[in-house]
Each structure stands twice: as C-alpha cells, then as structure tokens.
Amino acid sequence: GVAVLVRSYTAYARGAGIDSRWEVVDGDYDFFRLAKRLHNDLHGAGGLAAGYTAEDRELYEAALLPASRQLADRLRPADIVVLHGAETAGLAEAVREAGAHPVWRCHVGTDVANGAVRRAWEFLDPYVRAAEATVFSRREFIWESIDPGRAFVIAPVLNPLSPRNETLNPAVVE
C-alpha cells in the first residue's frame, strides 16, 4: 500500500541527497473512521450513507490541527510536502502558510463517479484546492474541480528490490 511506496520514495530521496522525511498524522478512532469512509467513497464503494456533516468537518479539522502546528515548526520556505490520501488533504493550507509547497497525492479513485465519489469530493475539495499540485494514480481519478494545469498522473510502481518481490523457494512458501 501507500506505506510501502512512501518508505521506498523516502529512501530513494535520501539516497539522492534530498533531506526527506516521513511523518504520520496522529488521530483518534473517530478521525480514522472518517478517513476510511472518505477513502471508500473515493473508490465509489461507500454505499448509501448520507453526505458529510458540519460535525464531520469539525472533527477532521480538529484532528489535523496538532499536525498542522508540528509541520509549521519543521518546515522551511521552499520545502515540498507531499500529502498522501484523504487523511492529509486538510494540511495543505498549513503547509502553504508555512511558506512550503503542498502537493496532494491521491492513490485511489474510480473510472465512473457515483454518489459516494461526489460526497467525498464535496468534502475534500476545499482542502485539495490549497495544494499547489495534485498527483493521481490514473487520469480517470482526477476530479472535475481539479485544475488540469495542476494535476499530474504518476502510476504506482513496484520496487524490484522490495522483500515482497523476492523469489521464494517452495519450502519457504509451504
């Protein structure tokens, strides 16, 4: 998943001499339940649930406030911050305010939007608009409100050196 990609990207960047770090957003059960709902809705698999409420937005923003403050203390002007997934979209504005450059990376989506996808984008759009660039795994995942000049497609790739890609002999498999 995303953690495997970020681990590889961070290592490659550091190997190239780039001061790269991987930070994780803390949150409580309710925050991660909301984030999972957004994730599922972006896939179009959210079922028939109602739209997001003002309380959902308050929960989301309150959960990200500590991370926003921590980022502001660590960032330098001209830093590039790649925010992965629905959990982090709400940090884009804080990154900009710190003088850094937010890039929002969306790893999920669907070829055909349904009500669940629309609900997720109605919620996320104000946060994603604060990103200077957006990156999607497929062109079909780019939402209609995203500025095409700030949208890029980078397909996921496999790291051939990852332990997940090692050939296993039959005894190990058994």
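How many aromatic pairs does the structure hold? There are ten of them, where rings of Phe, Tyr and Trp (its six-membered ring) pair if their centres lie within 6.5 Å. We'll visit two.

Before you click, know that this is a predicted model, in which local features need pLDDT of at least 70, side-chain atom pairs count only at pLDDT 80 or more, and totals for chains, interfaces and linings use all residues. Residues are numbered from 1 along each chain as its sequence is written, and side-chain values use heavy atoms, leaving out hydrogens and water.

**Stop 1: two rings on F123**

Select Y52 and F123. Their rings sit 5.1 Å apart, centre to centre, with 45° between the planes, a tilted pair (under 30 degrees is stacked, over 60 edge-to-face, the rest tilted). Y52 is in the loop between α2 and α3, while F123 is in helix α5, 71 residues apart. (Helices, H or I with at least four residues, and strands, E with at least two, are DSSP runs numbered from the N terminus.)

With F123 it makes an edge-to-face pair: 5.2 Å centre to centre, 85° between the planes. Y60 lies in helix α3 and F123 in helix α5, so this pair ties together parts 63 residues apart in sequence. Both Y60 and F123 are buried (under 20% relative accessible area; exposed is over 50%, partly exposed in between, with a 1.4 Å probe and protein chains only).

**Stop 2: helix α2**

Select 29-42, which is α2. Start at D28, which caps the N-terminal end: one of its side-chain oxygens is 3.2 Å from the backbone nitrogen of D30. Which residues of α2 are buried? Colour F31, L34, A35, L38, D41 and L42. On the face turned away, find the exposed Y29 and R33. Just past the helix, G44 has a positive phi of about 85°.

**Stop 3: the core**

Click L42 again. Among the residues it touches are A86, C106, W121 and L124 (heavy atoms within 4.5 Å). L42 is also one of the residues touching the most other members of the largest nonpolar core, which has 38 residues. Such a core is a set of buried Ala, Val, Leu, Ile, Met, Phe, Trp, Tyr and Cys residues joined through side-chain atoms within 4.5 Å. Finish on α5, which gives the most to this core: seven residues.

Key. Polar contact = N/O pair within 3.5 Å; in protein donor to acceptor, adjacent residues only side chain to side chain. Lists of a residue's contacts leave out its neighbours within four places in sequence.
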